[in-house]
Structures are given as structure tokens and as C-alpha cells.
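Please keep the sequence and the three-dimensional view at hand while reading.

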Amino acid sequence: MALRIPQTKMTTIRQQRRADPYLRSTSNSIGTRNDITTVDSPPPIPPPPPPPPPPPPPPHPSSTFSSAHHPTPLSNTKSLPHRITVDDLHQSPLLQSLTPTTPTPTPTPTYTDYRPSIYSNNNNSSISKSILNRRESESNPTSKEHQQTAPRIREISSNVGFVSLPDQVHRRSIKKGFEFNLMVVGQSGLGKSTFINTLFQTELYGQDFPSTIHRKKKTISIDSSSIILKEKGVQLRLTIVDTPGFGDSVDNSNCWQPIIDYIDSKYEEYLNAESRVVRKAHIIDNRIHTCLYFIAPTGHSLQSLDIEFMKRLHDRVNIIPVIAKADTLTSDELRLFKKSIMQDIINEKIKLYEFPDNNDENKITKTYKDKVPFAVVGSNFVLERGTKRARVRQYTWGTVDVEDEAHSDFIALRSMIIKTNLNDLRDVTHNNHYENYRYKKLSSFNMNDSKNGKTLQTPSINKNLLSQIDDERVETEARLEKMSRDMENVYQSKVEEKLQKLEENKQNLLKTQETYQLNIQQEEQRFELKRQEFERNRRQWEENTNKSGYNDQHSTIS
Amino acid sequence: MKDIPYATDPILMKSQIPPIRTFELKDECGINNLPNQIMAKAISDGFVFNILCVGETACGKSSLLDSLFNTRLDSTPSTHDNTRVFLRKNTYDLFEREIRLKLTVVETAGFGDQINKDDSFKIIGDFIDEQFQYYLDEELKIKRNLSNYHDTRIHVCLYFINPTGHSLKALDILTMKHLDNKVNILPIIAKSDTISKNELQRFKQNILNELNTAGIKIYRFPTDDETLAEENSKTNNLLPLAIIGSNETVKVGNQYVRARQYPWGVVQVENENHCDFKKLRDSLIEKNMLDLIETTHSKHYEIFRRNRLTELGLTDSVDGKQVSISDTIYMKRNELRQDLDKREQQLKETFMQKVKDKEVELKEIEKQINEQLTNIKKQYKDQKDKCDEKWHILEQEMNLFEQHKRSNMETMKKNTKKK
């Protein structure tokens, strides 16, 4: 007989959970009255820490557990070298607020091809709502053969343990490390190298590193350099791709072509690596995840080079426009400049990278979406004022603090790119741009196809590559079949024709033969008749003459 | 997996020329938030997990799953009269504190019930391969949608061993051998409340020995992550886990626990001394679920994919040169084209030949007919000539006769005149 197992209260116990991922903060046996510890639970669990980070909470005493069978928690709460401390977790915006908000609207589809709504309406405030949404939005794009009915929903009293899956993901991602490839494009002297240094707080481009002016060559070259950045146990393999020579010649037509070729070549590399029969478990991803395009701070509008470049690259890579050396513009000028840039972009129908809407209820990380294009100031000079270090640009009339939100959008840009959306940039590159490239590349196999003027029918793009070859074979075989059948038919009919004609000829022949024979016969008959007549006549006459001759003879004698 | 070159694998880094520099950031940059981004995305996407339970009828598969996930899953007990092994699939959306897990449970029905069990494991193996095939098909599509794809590949196979107390059956060994390179196999001893502690030890030992001799590679929990290594190796030593499942609750002390009540006592499911259920649940779900998913994708699926693609004739290198997929497809297509062209040519040629032959034949006939015609004409002419000749002769005779007649008449006239 089944006993009703009481449901849990779906309260948010994030802090407890966050404090020690492996700690089961509920009782281990089912069916207790004091089922799940709620936020009113005993105090040993510390409240969310104030800014000075408290030490990680000690392993929870068994007061939270009503059963003695809880195994010693795997709580390595002393921070391991690679482990994110509690502090960071608490400060991390995404973890803090697992309370879902109202369902996010799917981002306006601005991409030509599909952009799967990554931010599907999963984060709903109550389970029932999410169940409803689940049932509505259940898109199960599996093939028709194994289309399943809507899955059944079960709410689990949190005893099972897959609630730790996100933590497993977290750990694994740290172990795996991260990769990010960033491309900076802009004319020389716009401060790209300085900006990179500022962005990652290190001297990637050392002081003695030749600036792009010196690296300028006749044609554009693509330089890529990789470094590993470590921050609090998280490793990021960062690749910066620089394009010295862009827009520096007098004639800049097609100066974007080497960049396009480079991006495509990286996609192709990835495609080949992914399509190998024996492939590596982890494919090194060299695809460009985002392209920062530096706009010269003219204050008026976009230059035609900018427009052309962005138009050509917006469907290949995520473009984020950046106004360089923004400390040459006053606030008003900046505002107008941004407005006109965005106007130009809209007019030219350029699709920039769209930052996803923030699902965060608490809005710990503000969304700086409306600050695009970002006006940045970079600096290699670090001013130390007491304990505070700040990168600044010192003028005689004042000091520009790079990290001041009023002075520049640098913080916004950094936050948006690295802190909040780095993963999304990678995902969009992988799911959209890369798939577009792959689609174009693989479907072009069927386009080069007019052989002898026989183009194959439109390929079924929903089948895989190999079956396309099969399709082709089937089609051509059918064609050959048809051809041979036609030829057979034609042959047969011609042969028949000919035979008929011959038959006719033969008939004619026979007929002529007959007529001839008939003629001959008639002639002979006539002849016979004539002859007979003649013979008769002659005989008669001879008889007559013989008689008369005899008489004559007699008469002469007498 | 130790041998996967991760992005930041130190060996990989060192092997690059020039070696990649490492910077330790002192000031905050935001990189430390990256794992949280990934985690948030994973949470919003939801997780997918597929379990396959293989075991004889009535060995406790459904009860175990109910106990594992602490809920009532729909399952009807099957009878013993199935003629072959069926696989019953059910999908559930499980929510545990806003973490969504799409769980698919596949259970065998009728495994071990037939008299002739030859096909049993083949059916299961084919099912697993079929799921791989679906994924491979999706992956090879030209317009594909992998990020939204519902992964149905089996991540773990729980193999239920009957608690005979002695050793594995032949069917068990054959099935596990057939499946061990397709899926992660976790053998578990079902209904282990029928075995006493000592027997259990011996039983486990026997099973492990048999598995070793048969060369079956069961799934071992990973021991390369420091946080889990110890726990996992302990669990590994306890394999195969002895399990009890129950859907009933019994009051023990002041709580209701899942248990089985016997006249001689109560067997509690979650009591570590009674059975290894807790270990299974912890290791399988709480600690290593992700690893199971990963292993399925990176090991078993890759093996399947490799075999499949080689079957279809794709290779990575031709004559020692590296060949990419585009090249291979081109090659294959060209081959196919050439083949078909040749066939077309041949077809045309044979046809031409046939036509020619027939033409020759027909010409022959025509010639014959013409010959005949000329013969007939000639004949006719001859006959005509003969006829004419005869006429000619006759005419001559007639003329002669006329002459004769005339001369006769003249003489006669002369004669009468004389008189």
C-alpha cells in the first residue's frame, strides 16, 4: 500500500546549499514531519555574508539532520587551491537568485538562421507555472520515429540528489578550463593594444611590443597570440587576434577579406576536426567568439569603412562595436555620437551581437545593454593611491579614471563580455554562426552540380551528408532506368516499323510475281489459241488444196 | 578521463611553441564568474539522464527506481509470458528544488523468461545502438539542431543480478559482455535481503572474479577528481552493490522509512548496514551523474560513431594523407558519378550495338527481298522473251503459210487459166 510521501516546500535554501554543495541539508529519510529545513532552520548556517567575506562555514553539525545515518559530508570546506570560495559564490549573481522571474521573452530573432531560444521559459516562480510552461513549450525536436508523448512531471522531495548536478557541472567546468578567442579590429592608433591590456588587467602587450603602426604592412596580416589568465582558481585560455594594417592603406577596398578568410578558416578547422572519424574528445576551439570593432571617435557618424566591414561580418561573427579613445568626446557629444551610430546600424540593417536579457531578479549585475556601442578608454598607466590601484589617464586638466562608470563604459563592457556573457558569446558562435557556416559549406556540395546540364533536384537538407550521396545514386539510377526503357521502346517501335515495311515489300513482291505469272499465262494461252487456230486453218487449207490439187491433177490428166 | 587534453591542460600548453604565458590576475576581472555562467546555463537548460534497467522479470527494477528517485514512477508489473524481450520506455520530468531533470527509464520486460534466450541481449544491444544512431543522424544532418536535441542515449545500464548466492548465470555473462562496450554497466545484486552478510561477501567476490575472467569491463566510478576520489574508490571496492528497493513505508522509531517488513524484522532501504542502496544513490545520482553522461558521450558514442562511419566507407586518411570530411564526400561523390557515367556509357553502347545488329539483319532481309524481286523480274523477262520468240516463230510460219497459200492460189489460177 502506498503511503503519501509529503511534498517538500519549494523554498529557496540557496545559501545553505551554496555553502556546501555536498551537504544534504534535508533529512535523509523520507516521511519525517520536519521534512525539509526551511529558512527558519537552526542558525548554524550563516546568513548571506556582508561584504567582508566570512570564512567558509564549518561542516554542518547533525542538527540539520534527523537521522543518524548521514554519511560524513564530503565537505572539504577548507578551500582547496582550485576551489571557488564561498565568497565568490555568494557574490555570484546567478547563484544568489535562483528565484525565477517571469518568463523571459525570447530574444527577438535577429539572425537569419535559427537562434534557439536558450533562455526558454524555465525559470518560473512556482513549479506549477513551470509545469504549465513545460507542457506548452515542450519542443521535442527528435525525429518522428521516436516522438514521445509529453513527459510526466514528478516533483521530488529533495532526497534524491540530482540537485547537485549544477555543482558537478561547476566543478567539471573549472577542471576543464575555459577558452575564449577575441578579435580586435580597427585602424591603427585607436588604442586597441592598450585596451586589451586594460581589459585583462595585465600587460599582454608589453611596452616594447611594437604598436600596430609599426607592424603595419602593405596588406593586412592576422596576428594571434594566446595567454592563460588565472583568477581565483579559474583558468581562461585567451587568444587575442589582432589585425594590423586594417584600414590603413589608401585604397581599403577588400581590406576585410583577409579577416573573413581567417574566420572561415577557423570554422573550417573546427568542422574538419569535428567530422573526423576518429576525433579527439576535446576539440581545441580556435573560432573567433567575438569581434570588437573599434570606431574612431569622430563624433559624427560611422565611416563607410566601418559600415562595409560590419555588413560583411555580422553574419559570421559576433560584432560588438566600441568607440575608441572616448575621452576625446564630451558627454553630450558622446550621446549624440552613439545615437547616430545606432541609427546608422539600424539603417544599414547590421546585426550586432545582442546581449541576452538578464534573467536576474535581483539585478546584481546590471544589464548594460543600452550602452552599446561602448565608449572605452584604455590606459597602461596604473596610479596607486594608497591601497587603491586604478588605471588612469592623466591630463593637465584632470584625470580620467578608466574604471569610473561616469568617465567611460569600460566597466560595462568588461562586465558584459567577461563576467556575464562570455559563455553566451561562445554559445552563439557555436550554435549560430558555426552552424550557418557548416550548413553553407555542406550544402554547397550539391550546388556544384550541373553536370551536362543535368542538375539534381533540391537536396533534402534534413538528411545527413551520406544519405545525400545515396539519394543521388538512387536518382541517377532511376534516370538510367528510364533512359534504358525509353531506348528499348524506341528500338522496338523502329524495328517494328522496319519489319512492317519489309513485310509490305515482300507482299508486293509476291503480288508482282503473281501478276507476272498471270501475264505470262495469259500470253501463253493466247498464243496457244492462235497457234491452234493457225494450225487448224493451215490444215484445213492443206486439206482443201490437196483435194483440189488432186482434182486438178485429175483434170489435167483427163 | 585523464587523457583528455583540456583547453588549459598544462602539458598541452607547454607543448606549444612558443610556450603560452600564464598570468595570475591580481585585480578583479570577472573571469572567476565563468563557471557560474556555465552552471546557470546548465540549470536553465535542464539535465537529461537515461537509465536502462536490465534484469529478469520481478527482480525489483521498478521498485528500485521508485526508491532511487523517491517517487512513484508509472510501471505495471509484467507477466512471465512474453515471447521475447521488450523494452518499455518512460520519460519523466523530475524537479528537485528547481533543478529539472528529464529522466528516461527503459526497463526490459520478459528478459530471461523465454526458453530460448539467444536473442535477448541482442535486442537490448540493438536498442542501445539505435539511440546512438539517432544521435549520429542528427549530428550528421546538414541543418542540425544539436543544442535543442533531446538526447536519448543510454547513460547507465543497471544490470540486476539474481541473488542466487553462487555466481553469475550464463545469460548474465553473455549479456554483459555484449553490452560492455556500448554502455556503462553497473551490476547490482537485486533483492539482496535474501542473502546474509557472509554469503554476500563471497557472492560479490565470485561475481567480480567471473567478470574478470570473462573480460567484462564494468563501470568504475572515477577517481581522478580529488574531491571525490576517496569516496568513489570506496564505492568501487563495494561493487557490485547489493540493493533493496521498496515502495512501502514502515514506522521505525518515530519516522516512516522505506522498508520491507518481515515477521523477523524490518529491512530498511536507507540503512547502510542493511544494504548498499544509499551508496548507489549517492554515487549514481549525487556525485557521478555527470561523469556517466560524459563517459557515454566521449567513450561509448565515439566508438559507435567510429565503427559506423568506417562501415560507411569514410576514413580519415587515404594513402597516408589526411583527408577531411569535405574531401571524402567529394571523393565519394565523384566515384559515384564516375560509376554512373560508366554505366550510362555502357548502356548506350550496348544499345548502339543492338541497333546496329538489327539494322544489319534488316538490311539482309531487304537485300534478299530485292534479290528475289530482281530474280522474278528476270524470270518474267525470260519468259516474256520466250513467249515473244514463239510469237515470232508463229508469225513467221503464218507468213510462210500465207505466202504458200498465195503462191498456191496463183498456181491454181494459172492452172485454171490454162485449161
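The paragraphs below turn to chain A, then to a pair of helices in chain B, and finally to cysteines.

The model shown here is predicted. Chain A consists of 558 residues, and 48% of them are buried. Its secondary structure comprises 13 helices and 10 strands. Among the contacts in chain A whose partners have a separation of 6 or more, 70% join residues 24 or more positions apart. The accessible surface of this chain amounts to about 28,100 Å², and carbon and sulfur atoms contribute 52% of that area.

In chain B, attention may be given to two helices. Two packed helices are described by the angle between their axes and the distance between the axes. Helix H4 of chain B spans residues 120–140 and helix H9 of chain B spans residues 289–311; their axes come within 10 Å and cross at roughly 80 degrees. Because angles of 65 to 115 degrees count as roughly perpendicular, H4(B) is described as roughly perpendicular to H9(B).

Which residues in H4(B) meet H9(B)? On the side of H4(B) they are B:Asp129, B:Phe132, B:Gln133, B:Tyr135, B:Leu136, B:Glu139 and B:Leu140. On the side of H9(B), the partners are B:Thr296, B:His297, B:His300, B:Tyr301, B:Phe304, B:Arg305, B:Arg308 and B:Leu309. Sorted by class, the contact of the two helices contains seven nonpolar, four polar and four charged residues.

Helix H9 of chain B also holds B:Thr295. Is B:Thr295 buried or exposed? Its relative accessible area is 7%, so B:Thr295 is buried. Apart from neighbours within four places in sequence, B:Thr295 is in contact with B:Asn184, B:Tyr219 and B:His300.

The cysteines remain to be considered. A disulfide is a covalent bond between the sulfur atoms of two cysteines. How many disulfides does a search of the whole structure find? Over all chains, the search finds zero. B:Cys53 is in no disulfide, and the nearest cysteine sulfur, belonging to B:Cys157, is 7.8 Å away. B:Cys53 counts as buried because its relative accessibility is 0%. For B:Cys59, the closest cysteine sulfur is that of B:Cys53; the two sulfurs are 8.4 Å apart, which is too far for a bond, given that a disulfide requires sulfur atoms within 2.5 Å. B:Cys59 is buried as well, with a relative accessible area of 3%.

How values were computed:
Residues numbered from 1 in each chain as written. Chains lettered and ligands numbered in written order. Predicted model: local features only at pLDDT ≥ 70, side-chain atom pairs only at ≥ 80, totals over all residues. Heavy atoms only, no water. Buried < 20%, exposed > 50% of the residue type's maximum accessible area, 1.4 Å probe, protein only. Axes fitted to C-alpha atoms, helices over the stretch in contact; angles between N-to-C directions. Helix = DSSP H or I, 4+ residues; strand = E, 2+ residues; numbered from the N terminus. Parallel < 35°, antiparallel > 145°, perpendicular 65-115°, else oblique. Contact = heavy atoms within 4.5 Å. Nonpolar A, V, L, I, M, F, W, Y, C, P; charged D, E, K, R; others polar. Areas by Shrake-Rupley, 256 points an atom, 1.4 Å probe, with all protein chains shown as cover.
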